[in-house]
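I opened this entry to look up how two chains meet. Notes follow in the order I took them.

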Amino acid sequence: MTKKEAKTKPFTIEKAKLLIVEGKTDKDFFDALLNSLKRTDTQVIPMNGKDRLRALLEVIVRQPDLPVQSLIIARDADGNPKGAFDSVCSALSNKNVGLPAPKKPLEFVEGPTSFGKSIKVSVIVIPLFEQKGALEDLLLQMSADDPLLSLAIKYIENAIETLKKAAHRPPPRILSKAQIHAFLATFEEADRDPGIAALEGVWNFQHFAFEPILKIVQEM
Amino acid sequence: MIKSLKIEHFRNLKQVEINDLGRINILLGKNNSGKTVIQEALFLLAPPTDPLAALRILNSQRGYDIDADSPDFWDSFFYNWNNTRNIVLRIKVAEGAILFTKELKIKAIQQQTDLEIGEISELNRQTVGVLLTFTRYEGDMSSDKLPRRSSEQSKTFNSKRLDVAEEFKNSYQSNPQYEDHCGKWSADLLNYNVPVAFLAAKVITTTSQEAQRFSRLDIGGRYDEILTAMQIIEPRLKRLTVAATQRGSVIYGDLGTDHLIPISLMGEGTTRILSIVLAILNSKGGIVMIDEAESGLHYSVLVALWKMIAETARRLDVQIFAATHSYECIQAIHEAIEALGYTDDLKAYRFDRIGETTRVVDYTAEMLATGFEMGLEMR
């Protein structure tokens, strides 16, 4: 038809609980978490770029017969945990979205919506507790007890030192990503990304470092 | 251009208000959600030349061909068939810097009759007609400051025009134009007497009517516009011409074969596009309503068709109201308008019935783009 392929069967949000995450890796990770909890009442969708959150929410709240009663938005803190939280809250309270925004991360707020139902909303800023970073930083904490992780971290440190001396090319931009990928390269299937690894049971969702996320997802 | 529409107690809509209407408005919603009713309201509001004819057309387009001497003819326009509450239709119109509000109130007129069933005689009240009141207000009805009422006219309509009881008042106009009970309304009210075309889903316009519309444009030197638009669906089309036959005029198309072919025989899509093209080209400064916009059209022509519609609508200052159930039709409209850089022209509205109420959900072009990108349901 056109440069954009017509989608004659669009998808709908059909579950009462909705988790909006940043990208595909995060989706796989949270799908794995929900599988481990045997939760089938929650749908996970990626926002495909954190700048797209407001636009995505505008369309979601307009979906016909939207059944969502509980919503969690999870995004990376990157270099500014407070800015990340404020950005999510700004998207939630935008006039074209009109959802309640919590006062701080990992807390639920309940309020009315434009689609006629009350909704519970919470925000997770990863890796938690106002730390800078992303999902990989949380995964490092969750795998801290694994001796292979220490080796992977050491390898990346050595690699960076070598790169600095030889100046072959720039070192990894995000250290935690490099460390987690080096760690995942020690598994039998060496090419997994953190999301696929989650689906294959690599991460321990019962680890105490993950407890606040586990708790808020269970409260959904 | 119509900026907003308010409807009370009309057909299946108890109360609906649509604001910030655009040049191209897509109407969405499930069956019986009120998409067609929105178009019917606009059809009644625009030109108050012969409201009885307009009411007849609306019921006829719905396949409800009932005589106006039946109470059901009149009652069918009232919400839930309940004629005790008046119908109120109201549009806010912006014409350059001038903003005014036009309102149509429809009140049922009832007659008390004796109904004898066997030996029992009962008093029976039945609707025999309607009192139509058009009012024009200068300014914005929704603002805090009450607008000035500049003109008002009421007329009674029933099935027997000779018995029409008329009320005519125009205390705000010193010299109103007034001919007969179904004739002209005051000049002031006719300030918003714009061309209106309503392309219903079911009704196929007669070939003679289309030939008249074609000829009007042809005489006005706009033949090329029609041909170019028709070539979207039929690239082989070389020429169009009107021929007089014993049963009226017919538009023929030249596909490069030995014999010209009547357009109506070229298929439903060709006939549909011809209707759309002629309606828009004949509606300069007015409104065109297209019910079931995807009807009869292959998906591959939709983007090109909507580029033509959007471009022509802007050029001729036509406002479009298109109802559709088709995701790919909405997607094509959006893609066409985005390609032209006219995204500010596009709005979409979905009507969700929640019990007795109707929720209006509005989409901007940006929201539609996000919805398509994510593949989310919006209909």
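I counted 10 residue pairs in polar contact between chain B and chain A, both residues at pLDDT 80 or more. A polar contact here is a pair of N or O atoms within 3.5 Å; within protein, one must be able to donate a hydrogen and the other to accept it, and residues adjacent in sequence count only if both atoms are side-chain atoms.

The model is predicted: local features need pLDDT of at least 70, side-chain atom pairs count only at pLDDT 80 or more, and totals for chains, interfaces and linings use all residues. Residues are numbered from 1 along each chain as its sequence is written, chains are lettered from A in the order in which they are written, and side-chain values use heavy atoms, without hydrogens and water.

Next I looked up salt bridges (a side-chain nitrogen of Lys or Arg within 4 Å of a carboxyl oxygen of Asp or Glu). The rule finds four across this interface. I checked B:Glu373 with A:Arg52: the closest N and O atoms are 2.4 Å apart.

Then I took the contacts (heavy atoms within 4.5 Å). I found 28 residues of chain B in contact with 29 of chain A.

The buried area (accessible area, 1.4 Å probe, that two parts lose on being put together, summed over both) is about 2500 Å², 57% of it on carbon and sulfur atoms.
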